[in-house]
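Colleague: Please take a close look at one part of this model, the packing of its helices and the charged pairs around it. I would appreciate a single connected account, with the criteria stated.

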Amino acid sequence: MWLIITIVVLLLLILSIIGMYNNLVSLKMRVKNAWAQIDTQLKRRFDLIPNLVETVKGYAAHEQGTLEKVIAARNSYATASTIEDKAAANNELSKTIKSIFALSESYPDLKANTNFMALQTELTGTEDKIAYSRQFYNDTVQMYNTAIMKFPANIIAGMFGYKEEPFFQIDEAQKEPVKVQF
């Protein structure tokens, strides 16, 4: 009788561990998928940026510094290797794109240019998708991080090397409105 009870308890314990492990695997994959969605939207944004820069160059040639910052920020994302580095590069790029949009207020011909308007609309839509993807990523990371901290899953997470994932955060400078001075 004790043998049967011991076997049943061990079987339940093993099934419980398998269930917790599988849940952690599923959550980790959701985090990776959520990051891939952000990456996809950022790639879309990066593909639009050269066209935007070329359009602006024709109207605001003396704003070369602003345009170079946009290209530098775009390129820094490509060399970033961690989520934190990619988030920082994205934050810098977002800030410089806002400054290009602010430039259009000073150049009526640029503001009226259909190419610029189309690119601005495309980038604005992409920015909305990036914001949604960031929120989804952070929600997914929160679920995953919570799961690996809860008892007894934290024991399983520790045994199999599951670690907290970073949130995608914007820096304080990005929260302020863009200031354009001439």
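Modeller: Helix 3 crosses helix 5 in the left-handed sense (the near helix is turned anticlockwise from the far one by less than a right angle; helices are DSSP runs of H or I with at least four residues, numbered from the N terminus). This is a predicted model, in which local features need pLDDT of at least 70 and side-chain atom pairs count only at pLDDT 80 or more, while totals for chains, interfaces and linings use all residues. Residues are numbered from 1 along each chain as its sequence is written, and side-chain values use heavy atoms, leaving out hydrogens and water.

The axes of helix 3 (residues 83-103) and helix 5 (residues 114-149) approach within 12 Å and cross at roughly 150° (lines fitted to C-alpha atoms over the stretch in contact, with angles from 0 to 180 degrees between N-to-C directions). Helix 3 is therefore roughly antiparallel to helix 5 (an angle over 145 degrees). Helix 3 contributes Ile-83, Asn-90, Ser-94, Ile-97, Ile-100 and Phe-101, which meet residues of helix 5 including Phe-116, Leu-123, Glu-127 and Tyr-137 (contact means heavy atoms within 4.5 Å). By class, 7 nonpolar, 4 polar and 2 charged residues form this contact (Ala, Val, Leu, Ile, Met, Phe, Trp, Tyr, Cys and Pro are nonpolar, Asp, Glu, Lys and Arg charged, the others, Gly among them, polar).

Glu-127 also forms a salt bridge with Arg-45, with the closest N and O atoms 2.6 Å apart (a side-chain nitrogen of Lys or Arg within 4 Å of a carboxyl oxygen of Asp or Glu). Because Glu-127 lies in helix 5 and Arg-45 in helix 1, this pair ties together parts 82 residues apart in sequence. Both Glu-127 and Arg-45 are buried (under 20% relative accessible area; exposed is over 50%, partly exposed in between, with a 1.4 Å probe and protein chains only).

Arg-44 pairs with Glu-122 in another salt bridge, at 2.4 Å between the closest N and O atoms. Here Arg-44 belongs to helix 1 and Glu-122 to helix 5, so parts 78 residues apart in sequence are tied together. Arg-44 is partly exposed at 32% relative accessibility, and Glu-122 is partly exposed at 34%.

Gln-41 lies in helix 1 (residues 2-59) and is buried, with a relative accessible area of 15%. Beyond neighbours within four places in sequence, Gln-41 contacts Thr-126, Lys-129, Ile-130 and Ser-133. The C-alpha atoms of Gln-41 and Ile-130 are 5.8 Å apart, although 89 residues separate them along the chain.

Note on methods:
Helices (H or I, at least four residues) and strands (E, at least two) are DSSP runs, numbered from the N terminus. Angles under 35 degrees count as roughly parallel, over 145 as roughly antiparallel, 65 to 115 as roughly perpendicular and the rest as oblique.
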